[in-house]
Amino acid sequence: MITEFALDLRLARRRSGLSQKEVAYLLTINQSTYSEFERGVKVPSLEQICQLALIYGRSFQSYFEDITSGVKPRLAKRLEKLPKTKSPRLRIFNRGITISRMKARLKPLNERYGGA
């Protein structure tokens, strides 16, 4: 499955003038593994993302957006089933605010900003 990140990665490499083999060498991986990154077959590790950011001078925000969009629905379901707290303490006030803010962050963008 080709992702926006995979497309960004391919574009960054092409603009850099580096070959897949050269970038793979810098990452200490096989060229075929790097090719799988660009095709969206494999996902690089966080360390490899940091190396790629340094190689290309980019932040690769799309990588984190792809991951976040996949995680949000699962986290929202878990949040719905979060057990209620039993003892009233000061930190429960903070807990309520934290949960409320998390719910807002987990809503799809169109719901957050009143769109359809």
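Which residues are exposed on the other side of α1, Arg14 and what else?

Modeller: It's Arg14 and Arg15 that are exposed on that other side of α1. Before going on, a word on the basis: this is a predicted model, where local features need pLDDT of at least 70, side-chain atom pairs count only at pLDDT 80 or more, and totals for chains, interfaces and linings use all residues. Residues are numbered from 1 along each chain as its sequence is written, and side-chain values use heavy atoms, with hydrogens and water left out.

Helices here are DSSP runs (H or I, at least four residues), numbered from the N terminus. "Buried" means under 20% relative accessible area, "exposed" over 50%, and "partly exposed" in between, with a 1.4 Å probe and protein chains only.

Now the inward story of α1. Its buried residues are Phe5, Ala6, Asp8, Leu9, Ala12 and Arg13. They sit on the same side of α1, because they cover an arc of only 160 degrees around the axis; that arc is taken from the directions from the helix axis to the C-beta atoms. As a rule, an α-helix has 3.6 residues a turn, so residues three or four places apart point the same way.

The length checks out too: the 13 residues of α1 should span 18 Å at 1.5 Å a residue, and the end C-alpha atoms are 18 Å apart, which agrees. (The expected span is 1.5 Å times one less than the number of residues.) Just after α1, Gly17 takes a positive phi of about 85 degrees.

What does that buried side meet? Phe60 touches Phe5, Asp8, Leu9 and Ala12, as well as Leu52 and Ala53, leaving aside residues up to four places away in sequence. Contact here means heavy atoms within 4.5 Å.

Leu9 and Phe60 also turn up among the residues with the most contacts inside the largest nonpolar core, which has 15 residues; Leu27, Tyr34, Leu52 and Tyr56 are there with them. Such a core is a set of buried Ala, Val, Leu, Ile, Met, Phe, Trp, Tyr and Cys residues joined through side-chain atoms within 4.5 Å. At least two residues of this core come from each of α1 (4-16), α2 (20-27), α3 (31-39) and α4 (46-56), and α4 gives the most, with four.

Tyr34 is worth a last stop: Tyr34 and Phe37 are both buried. Being three residues apart in α3, they are separated by about one helical turn.
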